[in-house]
Amino acid sequence: MADQTGFLKYERSLPPRRPVEVRLLDWKDVYTRRENGEDPLFPTAEVRTQAARCMDCGIPFCHHACPVANLIPEWNDLARRDDWQDAIERLHATNNFPEFTGKLCPAPCEGSCVLNLQESPVTIKQIEWEIIDRAWDEGWVQPQTPAERSGKKVAVVGSGPAGLAAAQQLTRAGHEATVYERADRIGGLLRYGIPEFKMEKSVLDRRLDQMRAEGTRFVTGVEVGSGRDGDPTVEQLHADHDAVVLAVGATIGRDLPAPGRELAGIHLAMEYLPFGNRQALGELDDPPIDAHGKHVVIIGGGDTGADCLGTAHRQGAASVTQLEIMPAPPDLRDQGSNPWPTYPMVMRVSSAHEEGGERLYSVNTEKFLGDDSGNVRALLLHEVERVDGRFQKVEGTERELPADLVFLAMGFTGAQREGLVDALGVEVDGRGNVVRDDEFMSTVPGVFVAGDAGRGQSLIVWAIAEGRAAAAGVDTWLTGESMLPRPVTPTAVALR
Ligand SMILES: Cc1cc2nc3c(=O)[nH]c(=O)nc-3n(C[C@H](O)[C@H](O)[C@H](O)COP(=O)(O)OP(=O)(O)OC[C@H]3O[C@@H](n4cnc5c(N)ncnc54)[C@H](O)[C@@H]3O)c2cc1C
Ligand code: SF4
């Protein structure tokens, strides 16, 4: 039984981030590390107090809002009781990688928490992180090898959170899962998109070690279906495996075809961020795209833009401005158009925003202006207003914004067609997503789809949920039935 009155006794509180002036000197996590079993700035007693704010309200809206259907009130209460080992068992029952979500999830659960009716939800994401990080420290996260092997082989193409979740579930169900990744390291956007200061790569690596010990195989540096010498062909993929999971992400960045786009110094965000990640890990001293001493403009106000912002500051940018065409969101949700328990569309201040830079809203880029050498020197902007749902220029508001480096962080338009997707012959919908049924199978029998490749650009927690569900689909396809959980189906999601 949860503490029914904890929320009346205790205020919401979160661990402090490291001071800005200190954390900008390195690439490490913006939060302090645990020492001797706890965060020195946020001791276990405080985490337990925060967990005691969950009243186990009977209808857990948080659980419904969580894509992997985490059993949130159960593990909140176990954390409150100091029973961390049972807490990690309950957490792992629904989430293969709570360390990724505990660090990186935007926490729709907290948006739906009953206490968020008064804007002070339970710190669910933080408690999730505490449970799993402690479990790693204590040695409770061990390989889970299957009792029996099926002899069936599954290829998982793409090693982001969707591919990893599918592979871990399939390996544990007794199949031989091999993950193919075109990059030199495993992890997808967890490796080369999300910066070290949001989640250190050691957090990913310790999970990959567990997966290897369980029997999942990893093959890097191969782009399946590329047609290049040495890369596996689609025919080989089919011949060598009994089923395929396409977890190739939505990697095609949305471009901005404004005049001047061809100027040097304008890059898609995902052309820039992998270099920053390699620099953070000491693999690259002199990144080919470097914000050091430059005036940087980021077009796009979302997470990817914030990651460019934090990276540019750590490289020593002279200034960073982030542009957003939408108006600034309100500080508190609009209860009329965006009522609880829907996800609150409010102003968010990420760790990168705390570190500096300017955010401009309701602005559009008219064109990029260059110097005599063909480098970008400024953007020509104007303000916009919404008329009948469409953005219109506010006449007379044009102005130049100096820029030596511009990053386009305006989202992604879907999975890469050229190569594997085309070669497999799977159907792709009008939004660039690979079509799948409620078993997560594509239009080609035996080829399944999970994560951003099927749902479009989304979140890590959704990728994990879909990877788990697709694994259940594959298991059923291979054996006629499955005990694996199915946290989501595309139809159920469409109805949500
Ligand atoms: C910069 C950035 C920051 C983000 N931050 C957050 C965040 O803080 N929180 C959050 O929840 N979400 C965040 N997201 C979104 C999140 O990262 C994605 O939704 C998630 O990674 C999707 O997982 P996935 O497994 O479907 O694909 P991905 O992670 O994109 O992985 C796909 C993998 O497939 C590989 N691949 C593609 N084609 C082939 C092929 N033919 N052969 C072999 N390999 C192939 C790619 O190289 C890639 O490694 C962020 C996204 C970006 C771009
Ligand atoms: S995975 Fe995300 S939505 Fe689910 S409990 Fe964790 S923070 Fe909340």
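**Chat about a predicted chain**

Trainee: Which residue follows H5, and is its phi positive or negative?
Mentor: Asp82 comes after H5, and the phi of Asp82 is positive, near 70°. Helices (H or I, at least four residues) and strands (E, at least two) are DSSP runs, numbered from the N terminus.

Trainee: What sort of model is this?
Mentor: This is a predicted model, where local features need pLDDT of at least 70, side-chain atom pairs count only at pLDDT 80 or more, and totals for chains, interfaces and linings use all residues; side-chain values use heavy atoms, with hydrogens and water left out. Residues are numbered from 1 along each chain as its sequence is written, while chains are lettered from A and ligands numbered from 1 in the order in which they are written.

Trainee: Back to H5. How many of its residues are buried?
Mentor: In helix H5 (residues 72-80), 7 of the 9 residues are buried, so the helix is largely enclosed by the rest of the structure. Buried means under 20% relative accessible area, exposed over 50%, and partly exposed in between (1.4 Å probe, protein chains only).

Trainee: Which residues of H5 are buried?
Mentor: They are Ile72, Pro73, Trp75, Asn76, Asp77, Leu78 and Ala79.

Trainee: And what covers them?
Mentor: The cover includes helices H3 (44-51), H4 (61-65), H6 (84-92), H8 (108-112) and H9 (124-138). Contact here means heavy atoms within 4.5 Å.

Trainee: Let's zoom out. How many helices and strands does the chain have?
Mentor: It has 20 helices and 14 strands. The radius of gyration is 23 Å, close to the 23 Å that the globule rule gives for 496 residues, so the chain is as compact as a globular protein of that length. That radius is taken over C-alpha atoms, and the rule is 2.2 Å times the number of residues to the power 0.38.

Trainee: What percentage of the chain's residues count as buried?
Mentor: Of the 496 residues, 52% count as buried.

Trainee: What share of the contacts joins residues 24 or more positions apart?
Mentor: Such pairs account for 67% of the contacts with a separation of 6 or more.

Trainee: Now strands. Is E1 mostly covered or uncovered?
Mentor: Strand E1 (residues 153-157) is mostly covered, with 4 of its 5 residues buried. E1 and strand E2 (residues 176-181) run parallel, joined by 5 bridges. Two strands pair if DSSP finds at least two bridges between them.

Trainee: What stands opposite Ala155?
Mentor: Thr178 in E2 does.

Trainee: Where is Gly411?
Mentor: Gly411 sits in the loop between strand E13 (405-408) and helix H17 (417-424). Gly411 is buried, with a relative accessible area of 16%.

Trainee: What does Gly411 touch?
Mentor: Leaving out residues up to four places away in sequence, Gly411 touches Ile252, Gly253, Arg254 and Gln457. Arg254 is 157 residues from Gly411 in sequence, but their C-alpha atoms are 5.5 Å apart in space.

Trainee: Back to phi. What about Asn36 and its phi?
Mentor: Asn36 has a positive phi of about 50°, although it is not a glycine. Asn36 lies in the loop between helix H2 (20-23) and H3. At 82% relative accessibility, Asn36 counts as exposed.

Trainee: Is Phe440 buried or exposed?
Mentor: Phe440 is buried, at 1% relative accessible area. Its phi is positive too, about 65°. The loop that holds Phe440 runs between H17 and strand E14 (447-449).

Trainee: Last one. Is the peptide bond from Trp340 to Pro341 cis or trans?
Mentor: That bond is cis, with omega near 10°. Pro341 is in the loop between strand E7 (319-324) and helix H16 (351-354).
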